[in-house]
Amino acid sequence: MPETYDIAIIGGGIIGNAIARELSRYELKTILIEKEIEVSFGTSKANSGIIHSALHDDMRTLKGQLCLRGNALWEKLSQELRIPFERVGEILVARSGSDIPVLKKLLDNAKTNKIPAEIIEGSRLHDMEPNLSPEISTGLLAPTAGVIPPYEMTYALYENAMQNGIEYLLDSKVTKIVRDQKSFAITAGRSEIKAGYVINAAGVYADEVAKLVGANNFRIKPRKGEEYILDKRLDNINNHIIFPTPTPTSKGILIIKTIEGSTMIGPTAEETSDREDVSTSDAGLKKVLDFVRTMIHDIPKKDIIASFAGIRPVSDTNDFIIEESSKAQHFINVAGIQSPGLTAAPAIALMVVNILKLSGLNLKQKDDFKKYDKPHRRFSLASNKEKELLIKLNPTFGNIVCRCETVTEAEVVTAIRNGAKTTDGIKLRTRAGMGRCQSGFCLHHVMKLLSRELNVPEETLTKRGGDSLVVREKRLPAGRHG
Amino acid sequence: MKKIFADIIIIGAGPAGMAAALKAGKMGIKNILIIDRMPEPGGILQQCIHNGFGLHKFKKDLTGPEFANHYISKLGRPNIKVMLHTMATELTRDGKVIISNDTDGLVEVTPKAIILAMGCRERTRQQVSIPGTRPSGIFTAGVAQRFMNIEGYMPGKEVVVVGSGDIGMIMARRMTMEGAKVHAVTEILPYPGGLSRNVVQCLNDFDIPLYLQHGVVEIRGRDRVSGVKIAKLDQAGNPTNQTFDIDCDTLLFSVGLIPENELSRMIPLELSPITGGPFIDDNYQTSREGVFTCGNAAFVNDLADYACMEGEIAGEAAANYVNDALSSEFNMRVVAGCNLRFAVPNFLTGKAPVTLYMRVTQPMVDVKITSTDNIVNIKQQIVKPSEMIEVTLDKAQLAKIKELKEFRIGVTPR
């Protein structure tokens with residue numbers, strides 16, 4: 001007999017996990033199904049971590065409304081989940097005279113929508129951003145924009161949801177959904193599940209999942225974005241998220257001040273037919289560098305330490321689609337969540353709860369919702385006093401596994417106990433391997449810890465599931481210099 | 001925080017650090033502390049199980065671990081304290097070193113002198129910006145070497161090596177001997193990046209093709225690497241449309257080394273943009289008095305033998321510094337002239353003899369190495385970027401250098 005749930009969420013990205021955590025406040029039996037071996041391995045893996053001010057958005061769209069609402073929810077959410085969040089502010093700069101009226105119009109819109117914003121000119125602008133090209137003399141500042149570590153956020157939502165009873169079925173692609181009188185029968189990997197409601201948060205595959213029940217009144221048009229990260233050492237390139245003045249079709253390519261203090265440049269925006277194509281290209285890098293250098297001339301190519309690409313799940317309406325399908329009752333699409341999806345995530349979760357309520361689901365709040373109670377998350381950000389205390393409590397905090405990002409054995413082990421199974425899973429949760437040496441030093445340490453904690457041989461470990469084995473086979477007998 | 005004192009702290013127990021510790025010990029320094037993040041001393045030598053070490057220093061052909069053992073076996077002296085599995089996390093502006101491990105926690109070390117011997121790290125795929133996917137199966141040559149020789153795992157079976165650095169060529173041979181097929185070693189320059197002896201012994205002897213003036217322009221594969229596209233490059237180094245594909249499951253990058261100086265930046269020390277190491281004088285003292293460096297943290301050496309010789313100079317100088325006996329007669333900048341990428345040490349203080357190490361920008365034949373006022377004038381048949389030029393200056397030459405306004409050295413055709 002398949003296990004029966006009140007709700008099945010399909011998709012373990014930031015959106016699926018935000019919804020799961022929100023639903024974990026209620027007396028419901030909920031499962032989240034993810035096709036990858038770990039959560040946050042799809043589009044969320046390539047998120048740039050920006051909490052947008054909604055300055056760019058049209059408030060007639062769902063995107064705009066949820067972005068604005070979401071932005072206001074981030075203080076509380078980041079505190080609850082102990083995730084660093086900083087309102088660094090965004091500045092839209094005028095790269096030519098014709099940009100200035102556009103900025104003024106955006107300022108008017110901001111006033112209407114009660115988004116704090118002001119035009120900054122001349123030396124004041126250059127005091128705020130000393131490296132800005134001297135030709136640029138006008139910018140529009142929106143101080144409510146911020147940055148978070150996006151993967152840590154997704155994992156914190158996941159862990160808190162699990163603490164509160166959400167079940168997770170990973171490495172299980174949904175291939176079939178059959179609707180009968182009372183529920184959906186879902187085939188996911190080798191499992192069969194029944195659920196009263198289905199929430200489709202399948203990202204770039206949302207249209208394919210919807211199609212399984214005929215609820216596909218939309219199409220996903222995958223749009224690739226490439227991002228490039230500069231060495232943390234160059235932490236004084238920019239102080240804000242710097243945008244160009246938007247065109248009617250694009251927010252442009254940005255210079256992002258990440259929560260880590262490092263600078264990230266990108267993204268490109270390129271339609272692609274391949275939903276898995278996360279390759280970077282020479283053309284993409286050139287485009288990004290050429291563009292951002294019009295805003296800050298001196299962005300050094302040699303200090304790029306990492307690049308990645310992600311696929312935005314853009315819907316053919318170009319807006320978010322968050323509704324109970326008219327084709328399939330109790331099937332809720334949460335689709336087309338492109339930028340500003342991260343910003344909107346907490347508001348989207350609340351909206352989905354409301355849709356469920358309106359659809360007749362009985363929602364009864366638990367009285368024992370567990371607060372996220374994980375200890376200090378990041379050793380590297382602690383003061384020396386805090387570090388000493390941590391090491392006293394657990395000596396393996398003294399054992400530094402990743403030198404570039406100062407990640408300790410204790411943190412890696414915690415990540416594994418919280419569900420990390422792969423080297424990418426460790427990297428996204430702890431930052432081990434994200435620094436300038438790109439895992440040259442920590443890879444074998446991380447593999448040893450994964451092997452020890454999961455009790456599996458190292459040669460079976462993967463980078464991110466599937467055929468991504470890190471090494472090919474065991475060769476020499478255990479010991480040295482075989 | 002636990003606080004300890006040391007006459008000299010040495011960060012890194014590779015060949016340079018160990019040589020420095022032993023030399024300082026011989027000089028009578030009582031309280032020497034050498035730390036290393038690995039569970040055993042020896043540094044990268046432990047994974048270099050091939051031979052070719054010690055030809056200069058010991059006139060013997062040794063493997064890496066054998067070479068390392070020459071030093072490790074002598075570390076057990078009462079005036080040298082070795083702390084392993086210990087990482088230096090911070091160098092403070094007032095000259096203290098914070099170290100961390102899982103038995104002592106954080107420890108603040110107050111030393112009289114510091115020797116930086118952190119070695120170097122490998123440049124990665126990202127730093128040579130090769131586009132494509134990011135599957136598993138992509139390693140730097142040194143990481144693959146560690147998996148192969150220490151951890152006991154075969155990184156892959158069908159291999160392409162990107163870049164012809166020494167470790168890349170050594171790994172091409174090593175993986176071939178272990179049953180892998182190495183399809184190609186690519187090099188963007190018209191000449192190999194590593195030592196000639198490695199081209200012969202590691203590639204030619206094993207029929208591994210070396211593609212000069214070729215580069216990998218695309219990496220393919222979703223989960224694991226499935227292949228690469230290689231292009232012939234034009235004179236300017238840009239890809240031409242002469243390309244070919246190779247199916248492979250593994251890519252090894254051997255595209256250069258970067259002196260590891262993140263700690264040095266905290267003091268902060270002035271680093272050379274050319275060598276990537278701190279500016280140093282002939283005592284291997286940096287821009288901060290009492291802070292010395294040696295080996296690959298100072299600049300990338302060709303051989304471990306050189307790293308040890310520098311370690312001995314730094315160890316002796318640090319000992320003299322601690323005993324208030326480090327003096328300098330003058331301070332003359334060494335300027336890298338014609339066809340030289342760098343010449344180190346960057347400053348001469350009058351110490352003799354002193355060996356200058358230099359790297360040329362391109363290979364040349366029938367050259368002379370000359371300096372201001374012809375104080376140096378040596379003929380050499382071949383010079384190449386992969387092999388450092390050594391010139392040792394004696395007392396008489398230094399006496400002349402002292403009188404100069406500038407000491408410039410360069411390489412020109414004869």
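User: Which strand of chain B is joined by two bridges to strand S22 (residues 473-474) of chain A?

Analyst: This is a predicted model, in which local features need pLDDT of at least 70, side-chain atom pairs count only at pLDDT 80 or more, and totals for chains, interfaces and linings use all residues. Residues are numbered from 1 along each chain as written, while chains are lettered from A and ligands numbered from 1 in the order written. Strands (DSSP E runs of at least two residues, as helices are H or I runs of at least four, numbered from the N terminus) pair if DSSP finds at least two bridges between them. A:Glu473 has B:Met154 as its bridge partner, and the strand that runs antiparallel to S22 of chain A is S9(B).

User: Which element gives the most to the side of chain B that touches chain A?

Analyst: The contact (C-beta atoms, placed from the backbone, within 7 Å) draws 50 residues from chain A and 41 residues from chain B. Among the elements of chain B that give two or more residues are strand S6 (105-116), helix H3 (141-151) and strand S9 (153-154). With seven residues, the element that gives the most is H3(B).

User: Within what arc do the buried residues of H9(A) fall?

Analyst: Helix H9 (residues 384-393) of chain A has A:Lys387, A:Leu390 and A:Ile391 buried (20 or more other C-beta atoms within 10 Å of their own, against 12 or fewer for exposed and partly exposed in between, with C-beta atoms placed from the backbone). Taking directions from the helix axis to the C-beta atoms, these buried residues line one face of H9(A), because they fall within an arc of 100°.

User: Which strand of chain B is included in what covers the buried residues of H9(A)?

Analyst: A:Lys385, A:Lys392 and A:Leu393 lie on the other side of H9(A), where they are exposed. For the buried residues of this helix, what covers them includes, from chain B, strand S6.

User: Which strands form the edges of the open sheet of three strands in chain B?

Analyst: The order in this sheet is S20-S22-S25, with antiparallel pairing. Each edge strand pairs on one side only, and these strands of chain B are S20 (340-344) and S25 (389-393).

User: Which residue of S22(B) stands opposite B:Val344?

Analyst: S20(B) pairs with strand S22 (residues 354-360) of chain B over four bridges, in the antiparallel sense. Opposite B:Val344, the residue of S22(B) is B:Tyr357.

Conventions:
Two residues are in contact if their C-beta atoms, placed from the backbone, lie within 7 Å.
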